[in-house]
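Please open the structure in your viewer and keep the selection panel to hand. The stops below can be followed in order.

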Amino acid sequence: MDLKKQNIDNLTSLWQVINQRASTYVIENVFDYGIINYSDWPNRLWFKKTPEQTHLDLAKKIISSSSTKITIPYWEINGNDYYLLLENNGFVKVLEQVGMYTDLSKSDFKPSEINLNKVKDERTALLWESSFQKAFNYKIDHKLLLNSYDQVDYLIAYDNTSPVGTALMYHTGNQIVGIHSMGIIPEMRRKGYAEKMMHSMLSEAVKKGYSYATLQASEMGKNLYLKLGFEEQFLMRNYTLPKHA
């Protein structure tokens, strides 16, 4: 199994599902994209194979004509070298992440006292939206959750009755579960909640029979995942196009 490809496929499939449910998913020859003007996420344009200049020209036209910020991810894996083409076309790197995975059969995850409640209605979708916005300082509109919670597990983490953070879990096939959007709200940070959330989510993934967990870590979060037994796979660079480009 190509676990690098499985990691990327989990992420792009998640974007695809969200955009399909919002009726904003567009398929081109070399790239796919979705623009949701009432949400800060996903709003991605991603290449399915190495682009040529004509493909970049079309991507730039789409991005330039939109008032919504659109991000292009670039995965630094064997055979990919088009980041120079992106940069030569005026795209600017705004964020780096690290693709990571863990073999769930080789780890011992125990559920913590943190309760993970799934979004299941408008009230919980609104709570997830507000908690996520506190944690990340950008918005995932609750309407996207209501459109997709039958296929994506949007989780609100509680310590007793207090919300402490958010996450979402999304599986592709019967072996891969991706962990995304995991964040702790500011007043609850530095209390060990992120590690407790991960233990609870990963123990649940083991219970459901998944073989591998994947994620994309920020530099700040990477050490936690290494501590939990995740391994680094690839560098992921995220690019945007400044308005003047």
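What follows is a short tour of a predicted model, one selection at a time.

**Stop 1: helix H6**

Select residues 193-207, which make up helix H6. The helix has 15 residues, and from its first C-alpha to its last it reaches 21 Å, close to the 21 Å expected at 1.5 Å a residue.

Now show its side chains. The buried residues of H6 are Tyr193, Ala194, Met197, Met198, His199, Ser200, Met201, Leu202, Ser203 and Ala205.

Just after H6, pick Gly209, where the backbone takes a positive phi of about 95°.

**Stop 2: Thr172**

Go to strand E8 and select Thr172. Is Thr172 buried or exposed? Its relative accessibility is 17%, so Thr172 counts as buried, the cut-off for buried being under 20%.

Leaving aside residues up to four places away in sequence, Thr172 touches Asp9, Asn10 and Ser13. With Asn10 there is also a polar contact between the two side chains, at 3.1 Å.

**Stop 3: aromatic pairs**

Display the aromatic rings next; the structure holds 14 aromatic pairs. One of these is Tyr74 with Tyr82, an edge-to-face pair with 4.9 Å centre to centre and 85° between the planes. Tyr74 counts as buried because its relative accessibility is 0%. Tyr82 is buried too, with a relative accessible area of 4%.

Then select Tyr225 and Phe230. Why is this pair edge-to-face? The ring planes lie at 65°, and planes over 60 degrees apart count as edge-to-face; the ring centres are 5.9 Å apart. Tyr225 has 10% relative accessibility and so counts as buried. Phe230, at 3% relative accessibility, counts as buried as well.

**Stop 4**

Finish on Tyr83 and bring in Arg237. The charged end of Arg237 sits over the ring of Tyr83, 4.3 Å from the ring centre.

Methods. Residues numbered from 1 in each chain as written. Predicted model: local features only at pLDDT ≥ 70, side-chain atom pairs only at ≥ 80, totals over all residues. Heavy atoms only, no water. Helix = DSSP H or I, 4+ residues; strand = E, 2+ residues; numbered from the N terminus. Expected span 1.5 Å × (residues − 1). Buried < 20%, exposed > 50% of the residue type's maximum accessible area, 1.4 Å probe, protein only. Polar contact = N/O pair within 3.5 Å; in protein donor to acceptor, adjacent residues only side chain to side chain. Contact = heavy atoms within 4.5 Å. Phe/Tyr/Trp six-rings, centres within 6.5 Å; stacked < 30°, edge-to-face > 60°. Lys NZ or Arg CZ within 6 Å of the ring centre and 35° of its normal.
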